[in-house]
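Walk through this two-chain structure with the sequence alongside. Start at one pair of residues, then widen the view.

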Amino acid sequence: MSDTQGSLFFRINGEMPLVQSVGQNLPEGWSLGKNSSRRERLVFYDTFEEEAFRNGLAVMRRKGTLSIIDLESGAVEAETPLAQTPPNFFAADLPEGKARKRLLQCSTLRAFINRCAVDRFISSWRILNRDDKTVATLDYESLHPVDKTSETVFPQHFSITPLKGYHKELSPMLMALPEPVDAYRIVSFKERLMTIMETAEPFGRGYSPKLRLQLDAHASIHENVRRLLQFTTSIMEANEEGIRKDIDSEFLHDFRVAIRRNRSILRLLNGVFDPEKTAWALAGLRELGKRTNDLRDSDVYLLRREEYTSLLPPSLRPALDPFFSDLEADKRLHHRQFCRYLTDREYSGFMTSLKEFIAEGELPDPETAPLAAEPTGDVAAKTIRKALKKVLVHGRRTGSETSDAELHELRIDCKKLRYLLEFFASLFPPKATAQVLRQMKTLQDNLGTFVDLSVQMEFLQSRLEAIPADRGGISEAAAIGGLLTTLYREREKVREHFHEIFSGFDSNETGELFDELLTGLA
Amino acid sequence: MKTIALYSIKGGVGKTAAAVNLSFLAASPTTPALICDLDPQGASSFYFRIKASRKYNSEKFLKGNSKILKNIKATDFENLDLLPSDLSYRNLDIELSESKKPKKLLSKNLEGLEEEYRYVFFDCPPNLTLLSESVFRASDLILVPVIPTTLSIRTFNQLVEFFTDNGLDSTKIVGFFSMEEKRKTMHREIAEEFQNHPSMLRQTIPYSSDVEKMGLTRAPLNATHPKSNAAQAYSKLWEEVSMRIDS
Ligand SMILES: Nc1ncnc2c1ncn2[C@@H]1O[C@H](COP(=O)(O)OP(=O)(O)O)[C@@H](O)[C@H]1O
Ligand SMILES: [Mg+2]
């Protein structure tokens, strides 16, 4: 449905006119040429987070070709053959070329999912002028869901495409539209695409894992924490289907982040609820998180395949094949196990209770939940100061050796501070939040990379210890050893930088930025 | 991009008929084609039912590129566009003589078409002027319809001489017999005599009332009656021409 340059699409306001009456209002001497009709199937792809759309693109398969279309102009930016209609694909799976490049710019991690498939029926007429010369084509388009059981009704369109050189003679062409001519409205490609998506309602439409809560500083913290928990819990649910279908690894990733955010906020703001209830929710979330660990590990290391391969000299590269094929097998197993859990009564029971707990709007007893009624702004300022202090104290205490344990702990402190900042972001001046987050970024990156490398090393070490002695065990051990050496060297470099980076963060400037952020709150 | 001029100093020999049918045959999705009507009488524009916009004139034509591109119109046939002529074209020669390099002007003005078209046809007016010289230089092939008469052969030879005398590449000139009437002895004899002449194509176009009727149908014969004798002859002629031009 990409637009031939210069096509004008019209949507009728109100009832559809009779298609048979096209051309009845044409000026004297003008006429309509023979009608032809055709059918084509259109399949629209995008990632779960609609990254193509956010980048101003539509991704559409039509007649064996995948087209990348500019939303504003409707013009095709790039094309690549796509023989089948896969339920989803990664940009990296496409053949080298502009289309692949454009989609990689939208997302490398997320799969492009078949978001909507429609059959498009087109009836065409030629609009002829007094000389019986074709000056434009008139198309009547109706879309129908591919799924015949669906009762979705898409809006219909007329479109007029002037031939080259005839764009200026539009007014008589418009008279070819059936009555009432003044009921039409010109619609853009973008609008048509958006209507299709709104009508088709693909699963998880409008999904974004970004926290964008608009909090009221004067409302009780109880109220606002519940809103956060509601949001993160809905994120968990929104990702279930993608996890089950194993579309890409980000579904599980977002699911896990939501669990972590829930846990972190519940723990950091522990006076907001009855501690008994909080303990129950925390235990359940912790258990759930644990059940995802193995699957996430398989995902993460499978994603590292290219990176690991490139770190090794070519002679050792094939030796990693058994490592990755074992990972693939593990992943299948863990996926099956976790999916079974997702459909289990234990899980649905927990989620139901969790949502009930969150939905409970009545303020808890101040005896057991002393914070509950406090104004959100006060709590925000207090908890953020406390979390910042913890980061600073722990950071300053970190010895010259910079032990693993110290860095691990500090990373968690930073993450907590970050979750709080993100949760309360709407209470602060927007610029100040962005500045604080930027100030924290270098430190967080340093700690994040350190822990990440440590975790990888641990994983590889455990593989090393379990390598079967037969089937090329020696070369695999060599390969893993090579990786460990590289990762170790990298990690130690990161460690060396810690003190310098931390003292950059532990500065007057940071203090001032946080003051600026929190003044006015409490 | 390959450029083919339909040219003859004589009128009424079948230039326009050939330009219309050959351009129709040349146009395909991989080889989009353009026909430039250079004759102020606008016969090829008429055959395609196209009129120039009111604002279009010879001045715009001489300005070239973007002005030309803007005035190109799609025909009713896929991948075939036309640049209509305008009555003001009758002054082209005077206007050309006022420009700096009149003989090279046309090739320069058509640079913008390079990307869009694989074949460009010029339907030329019947005279030998500055414009013709500009066309000669801009064309890869000058296709000359020759009615099989002694007089026409003479005119053809005069054209070849003109090329040699003016430092133009005479190997670009290729003739074909047009409006051939097999029942006329002279036609038969001349056609036979020149059968193997290196500047003449093998294929001839017969005299046919179907070609005349194009004036009524206002469409290429190859679009309306592809099976007719004359249409088949144009097809074979195009095969020969495209072989020459693409080799
Ligand atoms: N092969 C042909 N058989 C019969 N009539 C022809 C043939 N070719 C052209 N004509 C007719 O002769 C006249 C002049 O032809 P045209 O192609 O316009 O010549 P030119 O462009 O050289 O002046 C037109 O009326 C046309 O229909
Ligand atoms: Mg002519």
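In E7(B), Phe177(B) is the bridge partner of Val146(B). That pair belongs to a parallel pairing: strand E6 (residues 141-146) of chain B and E7(B) are joined over five bridges. Strands here are DSSP runs (E, at least two residues), helices are DSSP runs too (H or I, at least four residues), and both are numbered from the N terminus. Two strands pair if DSSP finds at least two bridges between them.

This is a predicted model, in which local features need pLDDT of at least 70 and side-chain atom pairs count only at pLDDT 80 or more, while totals for chains, interfaces and linings use all residues. Residues are numbered from 1 along each chain as its sequence is written, chains are lettered from A and ligands numbered from 1 in the order in which they are written, and side-chain values use heavy atoms, with hydrogens and water left out.

Now take in the whole sheet of chain B. Seven strands form an open sheet in the order E3-E4-E2-E5-E1-E6-E7 (chain B), with mixed pairing. At the edges stand strand E3 (73-74) and strand E7 (173-177) of chain B; each has a single partner strand, so one side of each is left without a neighbour in the sheet.

Turn to chain A. It has 15 helices and 11 strands. Its C-alpha atoms fill a box of roughly 90 × 65 × 50 Å along the principal axes. Of its 522 residues, 49% are buried. Buried means under 20% relative accessible area, exposed means over 50%, and partly exposed lies in between (1.4 Å probe, protein chains only). Among contacts in chain A with a separation of 6 or more, 73% come from residues 24 or more positions apart. A contact means heavy atoms within 4.5 Å.

E1(A) runs antiparallel to strand E10 (residues 157-162) of chain A, joined by four bridges. In that pairing, Arg11(A) stands opposite His157(A). E1(A) also pairs with strand E11 (residues 184-187) of chain A, again in the antiparallel sense and over four bridges. There, Phe9(A) stands opposite Val187(A).

Next, the charged side chains. Over all chains, the structure holds 49 salt bridges. A salt bridge is a side-chain nitrogen of Lys or Arg within 4 Å of a carboxyl oxygen of Asp or Glu. One of them joins Arg110(A) and Asp254(A) (3.9 Å, N to O). This pair links distant parts of the chain: Arg110(A) sits in the loop between helix H2 (98-106) and strand E8 (112-128) of chain A, and Asp254(A) in helix H6 (residues 250-268) of chain A, 144 residues apart. Arg110(A) is buried, at a relative accessible area of 2%. Asp254(A) is buried as well, at 7% relative accessibility.

Glu237(A) and Lys355(A) meet in another salt bridge (2.6 Å, N to O). Here too the pair links distant parts of the chain: helix H5 (residues 221-245) of chain A holds Glu237(A), helix H10 (residues 345-359) of chain A holds Lys355(A), and the two are 118 residues apart. Glu237(A) is partly exposed, with a relative accessible area of 29%. Lys355(A) is partly exposed at 37% relative accessibility.

Arg396(A) forms a salt bridge with Asp506(A), with the closest N and O atoms 2.7 Å apart. Arg396(A) lies in helix H11 (residues 376-397) of chain A and Asp506(A) in the loop between helix H14 (473-505) and helix H15 (508-518) of chain A, so the pair ties together parts that are 110 residues apart in sequence. Arg396(A) is exposed, with a relative accessible area of 53%. Asp506(A) is partly exposed at 25% relative accessibility. Salt bridges can also join into a network, as they do for Glu40(A), Arg62(A), Lys63(A), Arg120(A) and Glu141(A).

Finally, bring the two chains together. In the interface, 10 residues of chain A are in contact with 13 residues of chain B. About 990 Å² is buried between chain A and chain B, and carbon and sulfur atoms give 36% of it. Asp131(A), Lys133(A) and Lys164(A) supply 57% of the area that chain A buries against chain B, more than any other three residues. Buried area is the accessible area (1.4 Å probe) that two parts lose on being put together, summed over both.

Six salt bridges are counted between chain A and chain B. The side chains of Glu169(A) and Lys73(B) meet in a salt bridge (3.9 Å, N to O).
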